[in-house]
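Visitor: Could you pick one part of this model and take me through its packing in detail? I'd like to see how that part sits in the whole.

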Amino acid sequence: MPEGELVFASMPAAVVAFAASRGVPRDELLRHLVLEHEPRVVAMAEPVEMMIAALARYIGLYVGDAARPREATFRHPRRHPPALYEEALGAPARFEAAATGLVYDARVLDAPMIGADPSVRDYLVRHAEQLLAAREAPAGGAPLDARVRARIAERLDRGEVDQEGIARSLGMSTRSLQRALKELGTSFTAQLDEARRGRALDLIRRRDVAIQEIAFLLGYGEPRHFYRSFRRWTGTTPGEYRRTRGPG
């Protein structure tokens with residue numbers, strides 16, 4: 001499928017995906033969103049064509065003339081004159097294609113939705129994020145707070161620790177991550193602090209790493225901020241801790 005196009009298929013899933021995608025940052029997943037109906041429906045040519053025509057009409061009602069499809073595609077062979085399809089669909093139809101659906105320019109996602117309900121959008125986005133988070137975490141895997149700490153620890157040395165980036169790596173939005181951590185009785189700041197603490201205690205035992213370098217590796221702009229955090233974690237200064245504990 002050409003870059004910059006979206007394919008919607010399956011009436012319920014397409015309407016949900018189209019609504020949930022409103023306002024979501026554009027990325028590769030959204031640029032190539034493909035939803036297909038179940039294989040056993042393929043033989044039902046006319047009902048499938050009616051479904052796609054209704055879907056095109058619904059999207060047009062929600063977004064207006066800006067949401068005219070570029071093309072309709074069907075997996076089954078053509079059964080009626082081409083002009084009839086174009087009149088019903090508002091776009092050319094292509095048959096015996098790889099998927100059944102409607103092809104839109106990706107910019108349609110930026111068009112304002114008529115009568116938009118922010119609460120419905122938020123619900124749909126939360127639902128999509130929950131599905132993504134479930135896909136990211138295998139059954140019986142680590143809880144979310146542990147996964148957040150692990151992602152933070154991976155990025156500490158590179159200085160790439162920001163809440164938005166961590167959330168994206170987990171398949172979540174920043175708001176969804178904040179909400180999920182709050183439900184666990186914690187926060188991103190607390191997980192960052194815990195990850196820094198663990199990394200600091202590992203590095204402080206290495207005599208070849210200067211204390212100021214440890215502060216830099218943990219993402220502190222100034223060593224004094226690291227000293228303050230370290231005293232809060234251990235009750236002593238980094239230098240005293242190193243002298244009394246020695247290498248592990």
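Guide: Quick term first: accessible area here is Shrake-Rupley with a 1.4 Å probe. On that basis the protein chain exposes about 14,300 Å², with carbon and sulfur atoms supplying 54% of it. Keep in mind that this is a predicted model. The chain has 248 residues, 40% of them counted as buried, and its secondary structure comes to twelve helices and four strands. Among contacts with a separation of 6 or more, 67% join residues 24 or more positions apart.

Now the part I'd zoom in on: the largest nonpolar core. It has 29 residues, and those touching the most other members are L144, V148, I152, L177, F226 and F230. Helices 6, 7, 8, 9, 10 and 11 each give two or more residues to this core, and helix 9 has the largest share, with six.

Let's go in through helix 6. Its 13 residues should span 18 Å at 1.5 Å a residue, which agrees with the 18 Å between its end C-alpha atoms. Buried along helix 6 are L144, R147, V148, R151, I152, R155 and L156. Why that kind of spacing? An α-helix has 3.6 residues a turn, so residues three or four places apart point the same way. A150, also in helix 6, counts as partly exposed because its relative accessibility is 37%. I152, by contrast, touches Q191, along with V161, I166, F188, L192 and A195, leaving aside residues up to four places away in sequence.

Over by F226, the aromatics take over. F226 counts as buried, at 0% relative accessibility, and Y220 is buried too, at 11%. Their ring centres are 5.8 Å apart and the planes meet at 50 degrees, so this pair is tilted. F226 also pairs with Y227, this time edge-to-face, at 6.2 Å centre to centre and 75 degrees between planes. Y227 itself is partly exposed, at 34% relative accessible area.

Key: Residues numbered from 1 in each chain as written. Predicted model: local features only at pLDDT ≥ 70, side-chain atom pairs only at ≥ 80, totals over all residues. Heavy atoms only, no water. Buried < 20%, exposed > 50% of the residue type's maximum accessible area, 1.4 Å probe, protein only. Contact = heavy atoms within 4.5 Å. Core = buried A, V, L, I, M, F, W, Y, C linked by side-chain atoms within 4.5 Å. Expected span 1.5 Å × (residues − 1). Phe/Tyr/Trp six-rings, centres within 6.5 Å; stacked < 30°, edge-to-face > 60°.
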